[in-house]
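Colleague: Before we go through the labels, please show me the model. I would like to ask how each one is reached.

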Amino acid sequence: MNAIIKQIACFSLATVPVLVAASCGNNRRADEQVPVILVSDLYYPAQDIGDNVDLVAPFALKEIDLVAIIFDITRSHLKEDGISRDPGFIPVRQLNTIFEKEVPCAAAPYDELSSPEDRKEEAPYSQQRGIELFLQTLEKASRPVHIVSTGSLRPIAIALNRRPDLFHSGKVAAIHICAGSSSEDYLEWNIALDTLAAARVLRSDMRVILYPCASAEGPFDKDVNNTFWALQDLSWILSLQDRRIKNYLAYNILRKTDRPDFLSYLDEELPEQDAAALRDFRSDRFYGSGGAHYVWETALWMQLASLMLVERDGKGQIVRKDEVLTSDDVCLEELWPVTLTVKDNGLFSFERCTGGSAVWLYYRADPKKQETLLNQAFPLWYDSFTKDLVKQNPEHCLCYVIN
Ligand SMILES: [Ca+2]
């Protein structure tokens, strides 16, 4: 069968793809934040613990206004290898409690699209609710919303198929897609979850910003146009100052199904056996990671929040753009305008173009150096979320000495 290939042409006028908060300081007015609907393949117990770990960032970042979470659930992952899972209601409830928010969440349909135009209207109510929440959130938005996808593109495709008018009404600033590969030869996990949905969204005329997870070598390889990096150690979590963020991470990483009291767990001192388990935790995956924790989403949240990775005094740090010092060595990351060619099976290729485009692509100049700096910066970044919380809730602070 011949693939139908669609070219999305570059526009001649340069356009800036991401709205970012421009003011200085930690206290941002709501209208200075970037409103985000997050579509995540988030489960409890975790399917990929990376989704549960990365979810802290959009709750914590003051540059982000997280307005809804849509669970991108695939039926085969609900029961898998003797593990039974639910959509990620528990981690969202935990983070809503920690950050004193009420971000609504609901699940989208569990089964693959049967055609690119599929609206999934036959799905049961529990799976319709995610699409309803998605569309209602867009409808009531007073400013254009950024849609962030860190799983399959099924929920976005269904929402787009039901309400193309809403998607084209100016309510959507951009669709940020953490999926796919920097090579047209490698079918990456998130795309493979629903290939028709991927082709549907990538072929739409919406503004799309691509953060490919994989390279030609697969999802655990680094090149300049994918986002993967490996965090070598998770024991820093035990040194986080805020007990509740530390316990959230422990609960989700260790899949604490023996503790149904998922809110009480946040407030108690981390049980010694769980601290020991976290200290010894090794994220061995299908291909063997040597114990590293794999990360794909950092680049996306940093771009959305207008943050930069710098080497300062010989150490990696994540800082706001307006905090960069002339003495900092900046790790260059940017978005390229590209033309995109999309096949029926969701595989895509791209070509960099000049000027503006409907499609933008993540670029990092030095993946190896970035990984080294992120291994230093990521724990400090998560601890910076903690410090803000400690100020708000000093009773939740356990003053561990970081050594
Ligand atoms: Ca994911």
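Colleague: Which residue of strand 18 is the bridge partner of T339?

Modeller: The partner is E351. Bear in mind that this is a predicted model, where local features need pLDDT of at least 70 and side-chain atom pairs count only at pLDDT 80 or more, while totals for chains, interfaces and linings use all residues. Residues are numbered from 1 along each chain as its sequence is written.

Colleague: What makes strand 17 and strand 18 a pair?

Modeller: Strands pair if DSSP finds at least two bridges between them. Strand 17 (residues 333-342) and strand 18 (residues 348-352) have five bridges, so they count as paired. Their pairing is antiparallel. Five residues lie between the strands of this hairpin, and G346 has a positive phi near 85°.

Colleague: How many helices and strands does the chain have?

Modeller: There are 14 helices and 19 strands. Both are DSSP runs, numbered from the N terminus: helices are H or I with at least four residues, strands are E with at least two.

Colleague: Why is A107 called buried?

Modeller: A residue is buried if 20 or more other C-beta atoms lie within 10 Å of its own, exposed if 12 or fewer, and partly exposed in between, with C-beta atoms placed from the backbone. A107 has 24, so it is buried. It lies in strand 8 (residues 105-107). Residues F71, I73 and G130 are among those it touches, not counting residues up to four places away in sequence; touching, or contact, means C-beta atoms, placed from the backbone, within 7 Å.

Colleague: How do you know whether E100 is buried or exposed?

Modeller: E100 has 9 other C-beta atoms within 10 Å, which falls under the exposed cut-off, so it is exposed. E100 sits in the loop between helix 4 and strand 8. Its phi is near 55°, a positive value in a residue other than glycine.

Colleague: And what is K120, buried or exposed?

Modeller: K120 has 22 C-beta neighbours inside 10 Å, so it counts as buried. K120 is in the loop between strand 8 and helix 5 (125-140), and it too is not a glycine but has a positive phi, of about 50°. Most residues other than glycine have a negative phi, and most peptide bonds are trans. The bond from Y44 to P45 is cis, with omega near -10°.

Colleague: Why is strand 10 called largely enclosed?

Modeller: Six of the six residues of strand 10 (residues 172-177) are buried, so the rest of the structure largely encloses it. Strand 10 runs parallel to strand 9 (residues 145-149), with five bridges, and it pairs in the parallel sense with strand 11 (residues 208-210) over three bridges. Helix 6 (residues 154-162) is mostly covered, with eight of its nine residues buried.

Colleague: Which residues have the most contacts inside the largest nonpolar core?

Modeller: They are V56 and I70, in a core of 116 residues. Such a core is a set of buried Ala, Val, Leu, Ile, Met, Phe, Trp, Tyr and Cys residues joined through C-beta atoms within 7 Å. V56 touches L95, I245, Y382 and F385, leaving aside residues up to four places away in sequence.

Conventions
Two residues are in contact if their C-beta atoms, placed from the backbone, lie within 7 Å.
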